[in-house]
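Good morning, and thank you for coming.

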Amino acid sequence: MTTAIPYQDLIAHGRYADASDIHLTVGKPPVFRINGNLVLIEDLKDVMIPNRTILSMLTPRQEELLNQGEDLDFVIELEDETRQRINVYRQMGKLACSIRLLNSQIRTIEELKLPSVLNELAAKKNGLILVTGATGSGKTTTLSAIVDSINSTRSCHIITIEDPVEYRYKTKRALIHQREIGRDVKSFNAALRSAMREDPDVIFVGEMRDYESIQLAITAAETGHLVMGTLHTKGAVHTVNRIIDACPADIQQQMMVQLATLIEGIISQTLLPLEDGSGRIAATEIMVGTDAVRNLIRTNKSHQLESQIQAGGKYGMVMMDDCIVNYYRSGLISRATALEFAADKTAILGKL
C-alpha cells in the first residue's frame, strides 16, 4: 500500500543493510543497492512510495525549482551526522529519487586492502595523482584514504574541492579546509583558481571534468603542489589518452610534456563482490610515474604503457587483470567474478 514512510527510516534501513544507494520511485517499493546489486528488502517490498516521502526532503525553494522542470542535487545531513547525496528527478511524469549513502568513517589504505604503494604516493610533495574508474567504484574512498595518510604523517595545508563533501576529516597533523560546490564555492574551476592563492600544499579535486579543470589542475601541480583528482576513465592508458584528447589539438603536444613531467601515479579501480558475500573489494590497476613511463607519455607512445605496467612490479605497478587473478587465487572472489570483470577474458582463462 502507499504509505508516507519517512525518508529517515528508509535511510536507516539502507545503512543497516549496508547499502550504497537507495532508489525511490513514486508508486513503487524502495530498491536498495547492496554489494553492487539492486534488491528489494523483504519488510519493505509492499511499501509503495508516495510523493510526500520525496517532497519532504526538499526546501520550498527546491520544490519550486523541481516544479519548473529542474533536477535537484543536494546533500542531507541527519541528526546522527550521517550525510546523504540526493538527486531528485522526474520519470514518466512521476517523481523519483536516488540517495547515495555517504560514508561517515574514513578507512585507511590498509583497512581498504589497497596496495602499500599508495602510502608512497601519499608521501610525494608535488605532482599529480589520479584515481579513475566508473561511478560508484570507490574513487573518493581511495582518495580519502590517501588524504588521511597525509593528514597522519605530515604538517601541511590540504584543500579539498568536492561535490558534495563525502568525508569530514578530523585534524591530525594537517590543516584541512573542505570546500563544497554550490555551498562554499560556485564551481570546481572557480575553487581551483582560488586554491592556488590559499597557500595549499595538497589540493584534492573531486573531479576533473573538462579541459579547463584539467589545465587548472596541471597548473597547480606545476607550481609545486601535490594535486589529486578523479576521472571517469578505465585504466591508466585510457586516462592518459583522455587527458590529452580533452585538450585543443594545437596544445596536445604541450600537454604530453606537462603530464609526463608531473604524473606520479594513476590508480584505476573497480569494486568486485567478495566470494563470501560479505561486501566488495577494490581491484586496482596502478601505474607509477617512472622515467620509462614519463618518456612514453612525452613521446606520444601511450599504447606501450601496458607493457611498462606489467614489467613494473618492483615499483608497485600492477595490471587490473593480474590483480583480479591474484584475488581469485587468494580465494577472495569467485571464478565467475574474475571472468566477468577481466578486460582480456581469453588471456585470463589460462590463469584461473
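Let me begin with a term: by contact I mean that heavy atoms lie within 4.5 Å. Please also keep in mind that what you see is a predicted model.

We start with Ile150. Setting aside the residues within four places of Ile150 in sequence, its contacts are Ala122, Cys156, Ile158, Val202, Leu226 and Met228. Ile150 also belongs to the largest nonpolar core, which holds 86 residues. Within that core, the residues that touch the most other members are Ile150, Met228, Met287 and Ile297.

I now turn to a sheet. Six strands form an open sheet with antiparallel pairing, in the order E3-E2-E1-E6-E5-E4. Which strands stand at the edges? They are E3, residues 37–39, and E4, residues 72–77. Each of them has a single partner strand, so one side of each has no neighbour in the sheet. From one strand to the next, the twist averages 25 degrees.

Within this sheet, consider strands E5 and E6. Strand E5 covers residues 83–91 and strand E6 covers residues 94–101; the two run antiparallel and are joined by eight bridges. Arg90 stands opposite Leu95, a residue of E6. Helix H3, residues 60–67, lies across E4, E5 and E6. Relative to E4, helix H3 runs at about 155 degrees.

Pro164 is found in the loop between strand E8 (157–162) and strand E9 (175–180).

The next topic is positive phi. Lys113 is not a glycine, yet its phi is positive, near 60 degrees. Lys113 sits in the loop between E6 and helix H4 (117–122). Is Lys113 buried or exposed? Its relative accessibility is 57%, and the cut-off for exposed is over 50%, so Lys113 counts as exposed.

Asp199, also not a glycine, has a positive phi of about 55 degrees. Its place is the loop between helix H6 (188–195) and strand E10 (202–205). With a relative accessible area of 63%, Asp199 is exposed.

Thank you for your attention.

Conventions
Residues numbered from 1 in each chain as written. Predicted model: local features only at pLDDT ≥ 70, side-chain atom pairs only at ≥ 80, totals over all residues. Heavy atoms only, no water. Core = buried A, V, L, I, M, F, W, Y, C linked by side-chain atoms within 4.5 Å. Buried < 20%, exposed > 50% of the residue type's maximum accessible area, 1.4 Å probe, protein only. Pairing = 2+ DSSP bridges. Helix = DSSP H or I, 4+ residues; strand = E, 2+ residues; numbered from the N terminus. Axes fitted to C-alpha atoms, helices over the stretch in contact; angles between N-to-C directions.
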